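Here is a colleague's note to read beside the model. Please keep the structure open and find each residue as it comes up.

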Number of protein chains: 2
Amino acid sequence: MCQLLGMNCNVPTDICFSFSGFQARGGLTDEHRDGWGIAFFEGRGCRVFLDPLPSCNSPVAALVRNYPIHSRNVVAHIRKATQGVVALENTHPFQRELWGQYWIFAHNGNLEHFVPRLGRFLPVGSTDSEAAFCHLLAGLEACHGTAAPEPEALFDSLCALVPEIARHGSFNFLLSNGAWLIAHCSTKLSYIVRQAPFSVAHLADEDVSVDFREHTREADRVAVVATLPLTDNERWTPIEAGSAVLFVEGEALARRRCV
Amino acid sequence: MCQLLGMNCNVPTDICFSFSGFQARGGLTDEHRDGWGIAFFEGRGCRVFLDPLPSCNSPVAALVRNYPIHSRNVVAHIRKATQGVVALENTHPFQRELWGQYWIFAHNGNLEHFVPRLGRFLPVGSTDSEAAFCHLLAGLEACHGTAAPEPEALFDSLCALVPEIARHGSFNFLLSNGAWLIAHCSTKLSYIVRQAPFSVAHLADEDVSVDFREHTREADRVAVVATLPLTDNERWTPIEAGSAVLFVEGEALARRRCV
């Protein structure tokens with residue numbers, strides 16, 4: 001299995017603190033050694049850093065850890081390969097363009113005997129994950145035609161598409177188009193919303209703390225989603241298995257059962 | 001205007017030497033300060049490093065310069081903005097998926113009053129360049145349907161699409177799908193093919209030399225394409241204005257007039 005990390009905020013925020021603990025899971029404190037990747041939205045643009053090396057000794061991860069990129073939506077993934085060889089084309093997150101927006105997807109889980117309904121989005125690599133992403137995009141386009149819907153309408157149609165994939169196995173995923181972040185939990189996924197009054201957080205994977213009072217303004221709001229809680233002194237909310245949460249502006253705006 | 005750098009090889013090769021001179025043009029030895037990017041194909045996969053900062057002081061460029069990624073096809077770009085603000089979404093190269101392959105495009109030039117024929121590929125940013133890329137992909141798909149053609153057939157149909165764009169202004173570009181590299185010259189573009197017997201090359205932008213005899217095997221062949229020759233002791237071949245060259249396995253395999 002893999003590990004997911006996502007962030008959705010109301011102001012551009014750097015993810016260095018969370019990424020620091022997350023990165024350690026890529027071969028150091030955990031076994032996820034088969035590559036990693038992270039996507040940062042900045043305005044309408046998106047940059048994706050990918051490396052088929054373990055994140056704990058990836059020079060690209062060292063850059064990401066030390067270069068504070070400020071983003072309102074981030075999706076990161078550390079891979080433990082189940083389907084598809086360890087190769088760049090099988091490294092999450094995956095990117096496509098739909099409705100003149102970049103879409104980013106990362107998956108933790110394993111889908112057995114899943115045959116995607118492929119329209120105009122075709123997988124480049126050989127993972128079940130990228131196939132599921134292409135299937136979702138084709139389904140969303142079939143629902144909404146040529147114009148991007150509002151986030152809540154999009155969330156509804158996405159949730160309607162999930163069960164036909166999720167019945168093939170575990171399907172925890174993060175999806176973002178830069179305006180919102182959707183997190184679907186099939187087995188394991190938690191989140192935290194940090195907002196005023198801010199306090200001190202301590203990483204679970206490394207002895208590192210940050211005092212968010214020194215780095216935030218009163219109105220800031222940041223949601224962080226992860227396979228396992230990244231800090232050991234804050235209360236994370238588990239997402240119920242079979243449910244999805246829509247995050248907008250750092251807030252858990254909507255929740256749906258996807259069954 | 002901008003600067004282009006491309007590489008096509010018959011064995012995975014690192015571009016650190018060429019990139020070193022090229023990077024200096026992003027604000028140090030030249031005026032192209034409005035962002036830069038580089039795409040590396042590795043197998044079917046592709047990773048794109050983008051930075052809206054000038055390449056001469058971009059931490060991402062420092063990484064690329066010092067982390068030897070071995071690739072058979074590379075496309076890089078340093079931007080001097082003409083159309084579209086300086087922003088990540090307007091930073092080249094651009095990426096899309098077609099026929100289950102990643103396609104990478106970078107443009108040097110300026111297109112006036114160009115209205116793209118947009119099908120299913122939509123621009124995310126506001127540059128003439130990304131619009132032209134989307135137009136080309138829609139045209140190629142209209143020509144070849146749902147299956148990727150052989151490189152030479154693709155090259156023919158691409159060359160047939162170029163004039164309707166190039167009549168709007170200067171349209172130097174690099175395009176690759178990871179199997180080949182196509183370079184179109186509208187005003188300025190040169191290339192060199194390095195093969196045995198290898199010798200010493202000296203950068204034009206920095207006092208740096210490399211002895212390729214120490215880094216190559218007899219059968220290696222590497223084509224490098226750039227807006228301006230990157231070395232000052234080798235013979236670069238200018239691509240004739242209005243022509244395109246198809247590079248496969250480090251060789252200039254075909255040439256066409258695109259008029």
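1. Start with A:Ser170. Its side chain reaches the backbone nitrogen of A:Asn110, at 3.1 Å. Keep in mind that this is a predicted model. A:Ser170 belongs to strand β7 of chain A, which covers residues 169-176. Is A:Ser170 buried or exposed? Its relative accessible area is 11%. The cut-off for buried is under 20%, so A:Ser170 counts as buried.

2. **The build of chain A.** Count the elements as you trace the chain. Chain A has four helices and 15 strands. Its radius of gyration is 17 Å. The globule rule gives 18 Å for 259 residues, and the two values are close. Chain A is therefore as compact as a globular protein of that length. Along the principal axes, its C-alpha atoms fill a box of roughly 50 × 35 × 30 Å.

3. **Inside and across chain A.** How much of chain A is buried? Buried residues account for 62% of its 259 residues. Now look at contacts between residues at least 6 apart in sequence. In chain A, 70% of these join residues at least 24 apart.

4. Turn to A:Glu218. This residue sits in the loop between β11 (209-211) and β12 of chain A.

5. Over all chains, the whole structure holds 28 salt bridges. One of them joins A:Glu130 and A:Arg96. Their closest N and O atoms are 2.7 Å apart. The pair links distant parts of the chain, 34 residues apart. A:Glu130 is in helix α3 (residues 128-144) of chain A, and A:Arg96 is in strand β5 (residues 94-98) of chain A. Are these two residues buried or exposed? Both A:Glu130 and A:Arg96 are buried.

6. **A loop tied to a helix.** Next, find A:Arg117 and A:Glu164. Their side chains meet in a salt bridge, at 3.5 Å from N to O. This pair also links distant parts of the chain, here 47 residues apart. A:Arg117 lies in the loop between β6 (101-111) and α3 of chain A. A:Glu164 lies in helix α4 (residues 151-166) of chain A. A:Arg117 has a relative accessibility of 44%, so it counts as partly exposed. A:Glu164 is partly exposed as well, at 27%.

7. **Two strands tied together.** A:Glu251 and A:Arg221 form another salt bridge, with their closest N and O atoms 3.9 Å apart. Which parts does the pair tie together? A:Glu251 lies in strand β15 (residues 251-257) of chain A, and A:Arg221 in strand β12 (residues 221-226) of chain A. The pair therefore ties together parts that are 30 residues apart in sequence. A:Glu251 is partly exposed at 35% relative accessibility. A:Arg221 is partly exposed too, with a relative accessible area of 22%.

8. **Where the chains meet.** Now bring in chain B. Here, 31 residues of chain B are in contact with 31 residues of chain A. How big is the interface? The size of an interface is often given as the accessible area lost when the parts come together. Between chain B and chain A, about 2600 Å² is buried. Carbon and sulfur atoms give 59% of that area.

9. **Charges across the interface.** How many salt bridges run between chain B and chain A? The count is four. In one of them, A:Asp51 pairs with B:Arg47, and the closest N and O atoms are 3.3 Å apart. Look also for a salt-bridge network that links A:Glu42, A:Arg47 and B:Asp51.

10. **The face of chain B.** Across the interface, 18 residue pairs are in polar contact. On the side of chain B that touches chain A, five elements of chain B each supply at least two residues: β2 (36-42), β3 (45-51), α2 (59-66), β5 (94-98) and β6 (101-111). Which element gives the most? It is β3(B), with seven residues. By type, the residues on this side are 19 nonpolar, three polar and nine charged.

Note on methods:
Residues are numbered from 1 along each chain as its sequence is written. Chains are lettered from A and ligands numbered from 1 in the order in which they are written. This is a predicted model: local features need pLDDT of at least 70, side-chain atom pairs count only at pLDDT 80 or more; totals for chains, interfaces and linings use all residues. Side-chain values use heavy atoms; hydrogens and water are left out. Contact means heavy atoms within 4.5 Å. Buried area is the accessible area (1.4 Å probe) that two parts lose on being put together, summed over both. A polar contact is a pair of N or O atoms within 3.5 Å; within protein, one must be able to donate a hydrogen and the other to accept it, and residues adjacent in sequence count only if both atoms are side-chain atoms. Ala, Val, Leu, Ile, Met, Phe, Trp, Tyr, Cys and Pro count as nonpolar, Asp, Glu, Lys and Arg as charged, and the others, Gly among them, as polar. Buried means under 20% relative accessible area, exposed over 50%, partly exposed in between (1.4 Å probe, protein chains only). The radius of gyration is taken over C-alpha atoms; the globule rule is 2.2 Å times the number of residues to the power 0.38.
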